[in-house]
Amino acid sequence: MSHTKQTEPQADIDELAREHFYQVLYGRRDVRNQFLPDPVPDDVLTNILHAAHHAPSVGLSQPWNFILIRNPELRNQIYSAFCQANDEAAQMFEGDRRSQYQSLKLQGILDAPLNVCITCDRNRGGPVVLGKTHQPEMDLYSTVCAVQNFWLSARAENVGVGWVSIINKNKLAGLLKLPEGVVPVAYLCVGYVSEFLTKPELELSNWEKRKQLEEMIFDDTWANRKG
Ligand SMILES: Cc1cc2nc3c(=O)[nH]c(=O)nc-3n(C[C@H](O)[C@H](O)[C@H](O)COP(=O)(O)O)c2cc1C
C-alpha cells in the first residue's frame, strides 16, 4: 500500500488538523501492560512503516531498517535476554527503590502480537555523508527520528508501542543476526491496547514525574536559566 496519508506540498494545516495532531502527540504512551493479542493488519503496519521511513535523516541517508519479529521461539530468547538484563538492572538500585523497580512491568515482548527492531546501518551512504562529517553519531539520531515517527503514527492508528531498552545490545544483535556495522537502536513491542493511559506509567506508579518546562529553558547560554 502506498503512503496515501501524505498531504499535498505546501498545504496549510488547518485548526482541526492541528487539534488532531496534538491529540495524537499528547495521547502517545509507552505501553507495557495493556497489549491485546489481536494482530495489526498489514495495511495499518504499512502506514506506520511509511511514516517511520519519512523521518528526517542526516544527508537523507535513511540509515534505518525495520525487522518485524513474530517468531515465538525468537521472542522467547529475546524475553530471556530482557529478564537477565532486568535482574542486573535491579541490582543497581538500592533498598526501597530496588523493590519498587522490581514491581514495574517494563516490557510487553510476549504480550504484544508484533515486535519491531529499528536498526541503524552505521555505514549507510558510504564513508563520507553530508552532515555526518563532524558529528558521526547523526545517523543514530536520524534513526531515533524514525522511531518517533513510528510511535506517533502508531498512536494515530490506535496502535500501542512500548520501547524496551533493558536488553544487552550485543546479545540482541546476535539473536537478530545483524551484520557488522548494523546496530539495534529501538526494540519495540507493538499492538492494539485495552486503553491508552492518560499519563506515563512511570508517573502513575510514582517512579518519576514530569519536570516543569521552565526548568528546561535557558536564554542564550547555560548560565541564564529562564525559570
Ligand atoms: C530511549 C527510550 C528507552 C526506553 N526504554 C524503556 C524500557 O526499557 N522499558 C520501559 O518500560 N519503558 C521504556 N521507555 C519508555 C519510557 O519509560 C517512557 O517513554 C516514559 O516513562 C514516558 O512515558 P510515555 O512514553 O508514556 O509518555 C523508553 C523510552 C525511551 C525514549
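A crossing of two helices is called right-handed if the near helix is turned clockwise from the far one by less than a right angle, and left-handed if anticlockwise. Keep that in mind as you look at this predicted model.

1. **The helix pair.** Start with helix α3 (residues 72-91) and helix α4 (residues 95-103), which pack with their axes 9 Å apart and at an angle of about 160°. Angles over 145 degrees count as roughly antiparallel, and α3 and α4 are therefore roughly antiparallel to each other. Their crossing is right-handed.

2. **Who touches whom.** On the α3 side, the contact is made by Asn86, Ala89, Ala90 and Gln91, while α4 brings Arg98, Tyr101 and Gln102.

3. Now turn to the strands. In what order do the four strands of the open sheet stand? The order is β1-β2-β4-β3, with antiparallel pairing. The edges belong to β1 (64-69) and β3 (160-163); each has a single partner strand, so one side of each is left without a neighbour in the sheet. From one strand to the next, the twist averages 30°.

4. β3 pairs with strand β4 (residues 182-191) in the antiparallel sense, over four bridges. To find your way along this pairing, look for Trp163, which stands opposite Leu188 in β4.

5. **Helix meets sheet.** Finally, come back to α3. Besides packing with α4, α3 lies across β1, β2 (114-121) and β4. Relative to β1, α3 runs at about 110°.

Key
Residues are numbered from 1 along each chain as its sequence is written. This is a predicted model: local features need pLDDT of at least 70, side-chain atom pairs count only at pLDDT 80 or more; totals for chains, interfaces and linings use all residues. Side-chain values use heavy atoms; hydrogens and water are left out. Axes are lines fitted to C-alpha atoms, for helices over the stretch in contact, and angles run from 0 to 180 degrees between N-to-C directions. Helices (H or I, at least four residues) and strands (E, at least two) are DSSP runs, numbered from the N terminus. Angles under 35 degrees count as roughly parallel, over 145 as roughly antiparallel, 65 to 115 as roughly perpendicular and the rest as oblique. Contact means heavy atoms within 4.5 Å. Two strands pair if DSSP finds at least two bridges between them.
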